[in-house]
Amino acid sequence: MADQLKFGALNNLFGFHLRQAYTPFGQAYREAAANFELKPSQFTVLALINHNPGRRQSELAEALNIERSNFVPIIEALESRGLLIREKSPEDRRSYSIEVTPKGKALVTRATAPILAESDRAAAVLSGSEQETLRKLLYKLYSDKK
């Protein structure tokens, strides 16, 4: 049997540990979203818009830390499926406001419980208290923009 690999500096690299920990969650998310013919990024965007109708495209992209060049194709794919609509913003005609269509709302409603169940399954190695602590710590890492 081979000796266990040594990770050296990787042991102290938060990004490495975050990526390693994300792997089972990412796989579960991809599989659950695929059941609804969605990519995880599409479900994420659709769910956010569902809870924030009429918000500007730029606000939504910023909230999800998605660059405009990556955000527009997600919006276009969802729009082409009739899951959301973009309209010129009444406040700023240079930007778009986005809303989920009834078809999109129905899809988000159907997809949410199974996607959350897969996330819960992937997190089952942690106790409920540990999950809450991890959620708070992760939120602190990505929300503390200085």
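Predicted model: local features only at pLDDT ≥ 70, side-chain atom pairs only at ≥ 80, totals over all residues.
Strands here are DSSP runs of E of at least two residues, helices are runs of H or I of at least four, and both are numbered from the N terminus. Two strands pair if DSSP finds at least two bridges between them.

Before I go on, the ground rules. Residues are numbered from 1 along each chain as its sequence is written, and side-chain values use heavy atoms, with hydrogens and water left out. Local features need pLDDT of at least 70, side-chain atom pairs count only at pLDDT 80 or more, and totals for chains, interfaces and linings use all residues.

Now the pairings. β1 pairs with β3, residues 96-100, in the antiparallel sense over two bridges. Arg 55 has Ile 98 in β3 as its bridge partner.

The loop between β2 and β3 holds Ser 95. Is Ser 95 buried or exposed? Its relative accessibility is 14%, so Ser 95 counts as buried; the cut-offs are under 20% relative accessible area for buried, over 50% for exposed and partly exposed in between, with a 1.4 Å probe and protein chains only. Leaving aside neighbours within four places in sequence, Ser 95 is in contact (heavy atoms within 4.5 Å) with Arg 56, Glu 87, Lys 88 and Ser 89.

Next, the core. A nonpolar core is a set of buried Ala, Val, Leu, Ile, Met, Phe, Trp, Tyr and Cys residues joined through side-chain atoms within 4.5 Å. The largest one has 23 residues, and those with the most contacts inside it include Leu 38, Val 45, Leu 46 and Ile 49. Elements giving two or more residues to this core are α1 (14-34), α2 (40-51), α3 (57-63), α4, β3 and α5 (102-122). Which element gives the most? That is α2, with five residues.

So, α2 itself. α2 has twelve residues and reaches 17 Å from its first C-alpha to its last. Not counting residues up to four places away in sequence, Leu 46 touches Leu 78, Leu 83, Leu 84, Val 100, Gly 104, Leu 107 and Val 108.

Last, α1 against α2. Their axes, which are lines fitted to C-alpha atoms over the stretch in contact, with angles from 0 to 180 degrees between N-to-C directions, come within 8 Å and cross at roughly 75°. α1 and α2 are therefore roughly perpendicular, a label for 65 to 115 degrees; under 35 is roughly parallel, over 145 roughly antiparallel and the rest oblique. Tyr 29, Arg 30 and Ala 33 in α1 meet Pro 40, Phe 43 and Thr 44 in α2.

How values were computed:
Expected span 1.5 Å × (residues − 1).
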